[in-house]
Amino acid sequence: MSALTRSPAWQALETHALTARRLSLRTLFREDPARFETHSLVAGPLFIDWSKHLVTRETWQLLLSLARQQGLESAIGDLFGGTLVNHTERRAALHTALRDRSGQAVLLDGHDVMPGVRDVLARMRRFSDAIRDGSLRGHTGLPFDVVVNIGIGGSDLGPLMVVEALRAHMRDDLRVRFVSNVDDTHLVETLRDLDPARTLFIVSSKTFTTQETMTNAASARQWLVTSLGDEAAVGAHFAAVSTNVGATAEFGIPADRVFEFWDWVGGRYSLWSAIGLPIAIAVGMDRFEALLEGAHAMDQHFRSAPLEINGPVVLGLLGVWYTNFLGCATHAVLPYDQYLHRLPAYLQQLDMESSGKRIDRAGSPVEHATGPVLWGEAGTNGQHAFFQLLHQGTQMVPADFIVAARGARQLGRHHDILLANCLAQTQALAFGKTESEARGEMERAGVPTEEARRLAPYRTFPGNRPSTTILLESLTPASLGALIALYEHRVYVQSVIWEINPFDQWGVELGKQLAGGVLSILETGQDRGGMDGSTLGLLSRIAKAGAISPIQGDP
């Protein structure tokens, strides 16, 4: 056993979990009329109800003891203080500085990073304003009516999610699209109905070497040059978010259209930086800064609120409780807002790329579970897809329900129905329906007694399925910013408890390295040895389909 799993706080939780598995949410609410008041909190512009969880006062005190044992309070200070919390890459993780609105200095190695942050924000404002008001035009003199962001991972998922979430604030005459997949159909379908003379590309790649991004960028460049007939058009139709000014210049992008960010900004934490340029163009820089302000409000809450009523701490410790002590392998995020339909995909990267680690900070394999599989879908679509498993399946899946008190459009009864479904689902998951209740319900509806008895087991819901409800007053740039930061900090809390680094991602590298060898065979037909039999067999089948040249030596 590791020092963590041998520790008093961990051992106490393991013992407590043996009885906690028998907890009943019906009983907990019946015995504690004030449970909602004591198990809910305000975090910035968000209201978080965590009363429908399989925790008692004792559970919570034990989880807080674990947090204190692991030094969570000092770790929060380290995050904001420029400490090298990304120890494997010897970097700070100061993405919070990107949205710092306090006017105070943020020091890294004795240097205030905020003047550089504010300079980039000012450049983003000038550039986005010029695109939006039409004063910055394309090679032929026409204003831009579409912006295509080319990136992948953190350079795509965050900006895409935010643009979709704030679509109600977008103008009809200025579209923003995203290309990430190296599959050529993604680029081809994105460009299909666009006018090259009115299209602006943003290439987002810190190193300007990311294979998928640069392949798409090169094809987009060729499409533009072929359509407009002039290499000089590239400088007028491309911008970049990168630190590699040599490569961007070689591509043809002028220096004044290259926006920097820093190595203390991790990819999945980068939407607050110049990576968010497509957001600023889509909804305007004022709304982008409101997004930053909402995130900053959550940062302030995370830094100052006591652990007992700290939103990210509560969510993070609940995640540890279910992952490590109640054996839950997955976690569902269920936004009841169509504008948030890309939030689960964004959070998949944020959570699983951060928490999917098996080596602790001391360099040893962990002896406990780390990040669960995160998944989800917008409500009410999910109700007609996978909620059956949530309600009556054999696995317990903790779930987050996210909903706004006021809808964006106010069309008839739509939002009332959405709210009713969201709240009813959390109620059904928590309290279920007993077999006797199911039988009585059918008998009152006129179903014969014997038939009701036969069907009752199928209509029984066990309940005790935990959920958190995160309530926004409305989906605004500020409340969205707070929501994203809430999940960022939740991930950090869990990483501190699990003693892992949430800011590196070495696990994505091996596939990239191996792809080079496979690509060489695809393009040359020569196997230089060392390739496994399965991969060679698949390459042979691809060659026999006529997609590539025959592999040398293949019978």
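This short talk describes salt bridges in the structure shown above. The model is predicted, so local features need pLDDT of at least 70 and side-chain atom pairs count only at pLDDT 80 or more, while totals for chains, interfaces and linings use all residues. Residues are numbered from 1 along each chain as its sequence is written, and side-chain values use heavy atoms, with hydrogens and water left out.

A salt bridge here is a side-chain nitrogen of Lys or Arg within 4 Å of a carboxyl oxygen of Asp or Glu. By that rule the count is 25.

I begin with Asp-299 and Arg-99, whose side chains form a salt bridge at 2.8 Å, N to O. Asp-299 belongs to helix α14 (residues 285-304) and Arg-99 to the loop between α6 (72-80) and β3 (107-108), so the pair ties together parts that are 200 residues apart in sequence. Helices (H or I, at least four residues) and strands (E, at least two) are DSSP runs, numbered from the N terminus.

Are these two residues buried or exposed? Buried means under 20% relative accessible area, exposed over 50%, and partly exposed in between (1.4 Å probe, protein chains only). Asp-299 is buried at 1%, and Arg-99 is buried at 0%.

Next, Glu-293 and Arg-101 form a salt bridge at 3.8 Å, N to O. Glu-293 is in helix α14 and Arg-101 in the loop between α6 and β3, so this pair ties together parts 192 residues apart in sequence. Glu-293 is partly exposed at 42%, and Arg-101 is partly exposed at 31%.
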